[in-house]
Structure formats: structure tokens, C-alpha cells
Amino acid sequence: YYVELGDGSLGFFAVHRLLLEALYFADICERFKVNYFIRDYNGNLTLKATRFVENNNSLVVSTSGNNVSEDITFNYISIEFFKTKEPYRYIKLNEIDFGGLLTFQKEQIENIDIINEISVNNNELPAKSLNLTINDFNNEFDILNPKSNSINILEKVKSIKIDYYLLVANNYQSITLGTYLLENYKIENQKLKFDCYDTIYYLNEIYYGSNFYDGVEVKQIFNDLFNYFNYTNYEINISDNDNIKLMGYIPNVEFREALRIIAEASGLCVTTNRYGKIVIKKLFVGSTSIYEKPKTFDRRLFFKENVKVEKPFSINFTLYDYNYNTNNIEEIYNQELDIGTHLIELDKLVLPNTIQKMETNSNYDIINQYALNCVVKVTQLTTVKLKASIINEKKTSYIYNKKYVNDNCINIDNTLINTNNVDSVAYSKRSSGKIIYNFDTLLMPYIEEGDNGIFVTKYNQNKPFTITKIEFSNSIIQNIEGE
């Protein structure tokens with residue numbers, strides 16, 4: 001779909017049978033109520049339905065079922081905001097969801113497999129996964145069933161939330177186990193099978209917007225990344241006292257890999273919470289000195305356990321050293337370009353905001369400048385000649401934990417790692433051999449990856465560890481792994 005921000009209307013290139021499901025307001029809208037109309041139109045702009053919605057201080061407003069027939073078709077929606085509780089307020093929407101709400105009860109769920117994991121050492125940035133099988137005894141999702149429109153709701157990246165109801169003091173409390181996005185589905189033998197992943201799985205666009213950072217707070221580097229993609233559903237939970245500063249840049253890599261690079265260089269963890277929001281936080285690995293009391297796992301509730309020690313290893317770091325002189329101006333681009341907006345990938349690392357035209361030329365303008373790229377807008381066929389201050393990049397090798405270099409050695413090449421932070425990064429990799437705890441226990445839906453726990457050994461010793469992976473199905477048993 002496309003959005004015309006001026007009048008708050010949305011158009012579709014094909015007729016849809018889906019409802020406008022929810023509007024997600026920005027945090028600034030939480031203080032005041034927003035009243036608005038939603039009007040649905042068909043192809044010739046004939047009004048099909050009107051809905052009135054009042055936002056009672058909620059940041060997520062469900063709009064489904066407001067005086068709208070379930071079989072409405074539309075290809076144009078108008079949203080008219082006409083009243084707020086406080087005057088002269090801007091309204092900002094972070095997200096608009098289309099579709100319908102389906103709820104599957106326990107009796108319909110034949111099988112569910114969830115794998116939620118994090119990477120403590122940031123060698124990778126894993127995505128959480130959900131495999132779900134639903135019994136469709138009433139043929140609700142049969143594409144030949146003329147009485148059902150449920151199949152129209154199943155679209156790629158449709159949000160799927162899994163809730164577990166825990167009996168506490170004779171009352172059931174809902175605990176969200178995770179929020180996932182639909183990747184694909186298939187229907188066979190009256191069974192509906194979903195393959196789903198969390199948001200991290202879908203962060204595959206290339207990041208061209210890195211600046212060059214010289215002692216910049218890691219929060220700013222993360223914010224630059226998210227802002228480049230206009231991504232707002234994230235939070236950074238680190239203290240200003242941590243004072244994590246980095247030097248370097250991020251290459252032209254996928255969004256997901258860019259997150260991993262920053263996390264690896266800063267020793268932080270990137271994951272998604274149970275509601276689908278990306279969370280960046282600091283882990284207290286294998287520690288009991290945290291704000292909340294660690295969970296003690298009673299061995300009497302174990303069904304099986306497996307404890308192993310990871311083999312020690314050496315790390316061969318490629319360290320990056322940068323030096324520059326703002327007076328060192330060189331030609332960085334010289335090529336003829338046609339009319340249009342062009343992303344130029346540079347062969348040299350440059351200081352952003354120093355890119356300029358080599359000669360007066362009114363046929364193009366420099367729109368954006370980055371460390372490895374720039375964007376120009378050409379209004380007439382012309383030769384684009386650019387110059388900028390060059391950053392000299394020098395690489396050196398540094399081996400950490402040298403005694404294992406011949407037996408077990410890994411290579412790390414990260415443009416944000418240098419002599420200032422290499423030791424802290426090496427420590428976070430825990431290369432001297434770590435204990436991996438793995439055990440099956442009764443389902444505890446309130447436990448999350450990243451939580452700290454106490455593993456009680458058969459010798460009655462308490463071993464602190466951090467949960468890195470939780471896997472469970474529709475049984476009462478879950479598998480927990482930590483280190």
C-alpha cells in the first residue's frame with residue numbers, strides 16, 4: 001500500500017477484504033485522547049462504511065468490528081483526526097495493521113514448538129522461531145469454502161502472539177510467551193501449519209547510512225541505525241553510567257548484521273521481548289549480583305540434564321586504526337549520471353559532512369552523506385564529481401589467549417573493534433572454557449532468556465548461570481540452556 005501523509009489517507013493497488021485492525025500511536029500521544037473517523041471506500045470512491053474510534057489513552061487502538069461488516073471490500077481508507085483532549089497537539093502513528101483477529105483455543109492447537117534464544121557472545125544474532133499446527137475440523141481455512149473469509153487474514157509477516165494461562169490462586173493469569181511474524185503456511189488434511197519468526201529474522205535490508213564515529217556513545221550509533229530505516233519499535237536499556245563509546249564505522253551490510261556488529265563491539269545483547277519489540281540490554285552473565293533475585297532450579301524437577309565444558313579457544317582479532325586530516329581532500333567520485341536520485345557507493349572511507357562538489361554544477365545536489373556512501377539528486381544528465389576528506393584505515397592482527405592458537409582459534413573482523421575495546425570484547429567471548437548447562441524441567445512460562453539462575457548440582461553446590469535458550473512444545477516440559 002501507499003500512504004499520503006498530507007491527508008491521512010491510504011490507497012491500495014488491489015481490492016482488499018481485510019479490516020483496518022489496529023493503529024499504533026507514538027509515545028507522545030499517550031497523554032491525550034484522540035477521536036477520529038475511519039471511512040472505507042471501494043474503487044470508485046463510494047463510501048462503504050464509517051467507523052468512529054475513541055482512543056482512551058491507549059497507544060494501541062483496535063479498530064476491528066466497529067460497525068463494519070465482516071465481508072467488506074475496499075481499496076481506499078480515509079482516517080480523519082478531528083479532536084484531541086489537549087489543544088494544539090501533533091498526532092504521530094508508528095504503525096498501522098490491517099487484517100482480522102483470529103483466536104485459537106487450546107483444543108484447536110495440535111502442536112506448538114517455540115525456540116527462543118539469545119547470543120551472549122554475539123557471534124551471531126539468532127531469530128526466535130515458532131512452528132504451530134492448528135486443527136481445522138470445520139474447514140474454516142479451506143479456500144473452496146464460500147462461507148469463510150479466514151484464509152484472507154493469513155498474510156506474510158502477520159503478527160501471531162502466543163499466550164499461556166497460568167492458574168494462580170484459583171484465577172488464570174495470561175502470560176505472553178512470544179510474538180512472531182508469519183513467514184509461510186500450508187493447509188493439508190484439515191491442518192493449518194504455520195512457520196513464524198520474530199522481527200530480527202526480517203531485518204534484511206542493506207544499511208548504507210553509517211557515519212564515522214570517533215568516541216561516540218553506543219546509544220547514538222544504535223539510534224542512527226534504527227532511524228535510517230525509520231524503525232521505532234525498539235528500546236535501549238543501558239545506563240548512562242556504562243559510558244560505552246566506540247570508534248569506527250559499519251560496512252554496507254544487512255540491518256540484522258549491523259545490529260550484531262554494534263552489539264559485539266559494545267558487549268551488549270540484542271533480542272526481542274515477548275511483545276515483539278527489539279530490546280538492547282546489558283547481560284550479567286553467570287552473576288548473582290543483579291536487581292532481581294535469580295531463579296533457583298530444583299534438580300528434583302529435572303527430567304534429564306547435560307552439563308558440558310566448552311573447549312577453550314584463541315581469538316584472532318583484526319584491529320582497526322583510523323587517522324584523518326580534515327585538510328586531506330581527495331576526489332572520491334567522477335561519473336556521468338542520468339536524471340533521478342542515486343545512491344553512490346564510495347571506494348574510500350570519508351568523513352561525513354565533508355563531501356562536496358569538485359566544481360560548480362547546478363544539475364545535481366548532494367542529499368545525504370555517509371562514511372561509505374552518499375545520495376545525490378540529478379535534475380539533468382550530467383557528470384557528478386565529488387571530493388571529501390579521506391580517512392586512512394590500518395589493520396593489525398591481535399591474538400587473545402595465544403596458548404590455544406594451534407588447537408582452536410576463531411577469527412573476528414569487526415570495524416568497531418580496536419585497541420581501546422578489544423580486551424573487553426575478548427572477555428565477553430569467554431574463551432577460557434565455559435560451562436554449558438542444559439536440562440529439561442517443568443514448564444515455567446515466566447522464565448525468559450537473559451534471566452539469571454542458580455543451577456543446583458548433585459553435590460548441592462549453587463552455580464550461577466544465564467539462560468540463553470528456551471525450547472518448549474505443547475507439553476508441560478521445557479528445555480533450558482545457559483552458561
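By class, three nonpolar, two polar and four charged residues make up the lining of the second largest cavity. This is a predicted model. The second largest cavity has a volume of about 30 Å³. Glu217, Val218 and Lys219 contribute.

How many cavities of 30 Å³ or more does a search of the whole structure find? The search finds two. The largest cavity has a volume of about 120 Å³. It is lined by 16 residues. Closest to its centre are Asn116, Leu177, Arg274, Ile447 and Glu449. Strand 12 spans 171–188, and strand 32 spans 462–472. Each supplies at least two residues of the lining of the largest cavity. By class, the lining of the largest cavity holds seven nonpolar residues, five polar ones and four charged ones.

Now turn to serine 362. Where is it found? Serine 362 lies in a loop. Is serine 362 buried or exposed? Its relative accessibility is 68%. Exposed means over 50%, so serine 362 counts as exposed.

Serine 362 and threonine 382 are 20 residues apart in sequence. In space, their C-alpha atoms are 9.6 Å apart.

Key
Residues are numbered from 1 along each chain as its sequence is written. This is a predicted model: local features need pLDDT of at least 70, side-chain atom pairs count only at pLDDT 80 or more; totals for chains, interfaces and linings use all residues. Side-chain values use heavy atoms; hydrogens and water are left out. On a 1 Å grid over the protein atoms alone, a cavity is a set of points where a 1.4 Å probe fits but cannot get out, and a pocket is an open set with protein on both sides within 12 Å along at least five of seven lines; lining residues have an atom within 4 Å of a point. Grid points are joined across faces, edges and corners, and a volume is the space filled by probe spheres set on the points. Helices (H or I, at least four residues) and strands (E, at least two) are DSSP runs, numbered from the N terminus. Ala, Val, Leu, Ile, Met, Phe, Trp, Tyr, Cys and Pro count as nonpolar, Asp, Glu, Lys and Arg as charged, and the others, Gly among them, as polar. Buried means under 20% relative accessible area, exposed over 50%, partly exposed in between (1.4 Å probe, protein chains only).
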